[in-house]
Amino acid sequence: MERREFLSATGVALAAMSVGTRVSALQAFQRPASPFARFDAQARALLGRMTLEEKVGQMVQAEFSALKNPRDVQIYFLGSLLAGGNGDPKSGNTLLDWTNAYDTYQALAIKTRLGIPLLFGVDALHGHNNVLGAVIFPHNIGLGCSRNASLVEQAARITAEEMRATGVNWAFAPCVTVPRDKRWGRTYEGFGESPDLARSLGEAAVRGLQTANLAGPTSVAACAKHFAGDGGTTFGTGTPFQDRRMLDQGDTRLSETELRDFHLQGYIGAIDAGVATIMPSYNSWNGEKVSGSKRLLTDILKLGMGFGGLLISDYNAVDQLPGDYKAQIARSANAGMDMFMVPDKYVQLHGLLLALAKEGTVPLTRIDDAVVRILRVKFAMGLMGARRAPLADRTLHRSFGSAAHRAVARKCVQQSVVLLKNDPRTLPLSKTLARVHVAGRSADNIGNQCGGWTIDWQGKTGDVTPGGTTILNAVRRAVSSSTRVTTSVDGTGAEGADIAIVVIGELPYAEFMGDVPELALAAEDVAAVQRISRAGTPVVVVLMSGRPLPVDPIVTDCRALVAAWLPGTEGQGVTDVLFGDVAPVGTLSVSWPRAGQGPVNVNDRTYDPMFPYGFGLGY
């Protein structure tokens, strides 16, 4: 049995690098000019033709499903629209519904006096995951285990192509967070617990989304998020939920040196790749909300790190700043926010920001700076002065959800899988076994495979989207015609089978609701594994989760244990590994805790996880 511990020049070496060295590297990151600076002349020429009302409108992003009237796009000169996790077109959630909705609103925008097109943003976190039939890739925590920047770039490239099939031109991705406490419900959105993964794989994702030509017909604007420190919050400081405070939107209590050491590295990679937009975070930094921090947004990010794109606030994030709504808007704008994501309060924000500009509380120079940044991105994307209206290219519908796209997602799954236990050489399984029993509540459940941010904001269990393959169906496809495949949810009926594959794990969740006070396997999952083990059938456990869950209750009951994370729609990537079509190559992007162990991360002063960062077995 082969054990592989991942090491690379920019991998664990960076994680072990001295604070002073890494800060020096960051301080040396000074761009002589932003890649967007070459569009300054065009942006400023257009700015000179704009009224104040039109300028303020460019700084407002509304949710398209919350528009009181579609013509508000024109009345308020809106610069952007978004579709939130549950913000589907009113007509439905198909490829055609999305394409028609995008074209409707974009057509309104280009008929305004200056004809400035919309940026239209979605949370395309692991594929174009709002749309039925889109290919759903593994969440980032799994991709981090692949350590394969080229593959991450391919996945992002396909995501962009499927987005542009609907017309949508702005992905609120990649998430370059560095989760330090895995009880956080957004852990799976990060590539792993060390900053080198956020930096290298975040850079790859930006390249894939934007390509070498941001103005290309299948490119979209990327958005690195959430700046900064969202993965480093202190437990108990987060947003209240069910009478408890957890981690989400909490306070990151670190020195500036520590913040740079861990939580800014991903943004260096993203900016190095020419990222067009960055989203400031909900969290606070030492008691001050990031959305109102001039030190972070202007001094460090724009001036110190040379970011020349636009900053877009998170969903209603301005509401969490001190004071009334007008004071909140002023504080965020003056801190450096360029565009405000205000799903349903867009009329109010437009009016208040206009008033703030007229009275000088938000200086006109700050308004102009924000609008120039927005326009520079739009020029860079080729939206301005296009030979044809920037509507959807419906010829791209042919490749949406295609077999070729799914093949790449399947490869992503293969390389994300981490083999944690294989004794005594249980895997790979023979395809000619007489009988295989497949059990567990996640064995035949696409929704559980995909997790949160899939069709719905929080995700949902069950048949959430067409076109995918569950683990049960993938097993049926993998084995010979002579092999009998039986199944049960609770593990009953496994007696006499040659092997039992038990698929367990978390039910779907996303931000906020995904925070937990303690990491643990569900009691019914433990019971299913133990029931089969007591029946005398050899057990292979496939764990699908958005974070490492202590496996102490079952580790002695199974002969093999596979971490499949949240693999998305292509379950055959898991069975490819189980049945030996490909060898496991994934290595842990996070440290795997023992039961009852608090947050554990590589290079902790005392470090004793069940499986260390970088661990992974091979065949």
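Are Trp592 and Phe611 buried or exposed? In this predicted model, both Trp592 and Phe611 are buried. The two residues form an aromatic pair with edge-to-face geometry. Elsewhere, ring pairs join Phe64, Trp98, Tyr102, Tyr105 and Phe120 into a cluster.

Confidence was examined next. The average pLDDT of the chain is 94, and 94% of the residues score at least 70. Residues 1-29 have a pLDDT below 50. Where pLDDT is low, predicted coordinates should not be read in detail.

Strand E18 (residues 499-505) is largely enclosed by the rest of the structure, because 7 of its 7 residues are buried. In a regular strand, side chains alternate between the two faces of the sheet. In E18, Ile499, Ile501, Val503 and Gly505 point one way. Ala500, Val502 and Ile504 point the other way. Residues of both sets are buried.

E18 has two strand partners to report. Strand E16 (residues 435-439) runs parallel to E18 and is joined to it by 4 bridges. Within this pairing, Val436 has Ile499 of E18 as its bridge partner. Strand E19 (residues 539-544) also pairs with E18 in the parallel sense, over 6 bridges. Here Gly505 stands opposite Met544 of E19. The chain passes from E18 through helix H19 (residues 523-534) to E19. This β-α-β crossover is right-handed.

Glu506 lies in the loop between E18 and H19. Its relative accessibility is 13%, under the 20% limit, so Glu506 counts as buried. The side chain of Glu506 makes a polar contact of 2.8 Å with the side chain of Tyr509. Setting aside neighbours within four places in sequence, Glu506 is in contact with Met544, Ser545, Gly546, Arg547 and Leu549. Among these contacts is Met544, the residue of E19 that stands opposite Gly505.

Apart from neighbours within four places in sequence, Gly451 is in contact with Gly459, Pro508 and Leu566. Gly451 and Thr569 are 118 residues apart in sequence. In space, their C-alpha atoms are 10 Å apart.

A further sheet is open and has 3 strands, in the order E9-E11-E12. Its pairing is mixed. The edge strands are E9 (251-252) and E12 (288-289), each of which pairs on one side only. E9 runs parallel to strand E11 (residues 284-285), and 2 bridges join them. In this pairing, Asp251 has Ser284 of E11 as its bridge partner.

How values were computed. Residues are numbered from 1 along each chain as its sequence is written. This is a predicted model: local features need pLDDT of at least 70, side-chain atom pairs count only at pLDDT 80 or more; totals for chains, interfaces and linings use all residues. Side-chain values use heavy atoms; hydrogens and water are left out. pLDDT is the predictor's confidence in each residue, from 0 to 100. Contact means heavy atoms within 4.5 Å. Buried means under 20% relative accessible area, exposed over 50%, partly exposed in between (1.4 Å probe, protein chains only). Two strands pair if DSSP finds at least two bridges between them. A crossover is right-handed if, with the strands pointing away from the viewer, the path from the first strand over the helix to the second runs clockwise. A polar contact is a pair of N or O atoms within 3.5 Å; within protein, one must be able to donate a hydrogen and the other to accept it, and residues adjacent in sequence count only if both atoms are side-chain atoms. Rings of Phe, Tyr and Trp (its six-membered ring) pair if their centres lie within 6.5 Å; planes under 30 degrees apart count as stacked, over 60 as edge-to-face and the rest as tilted.
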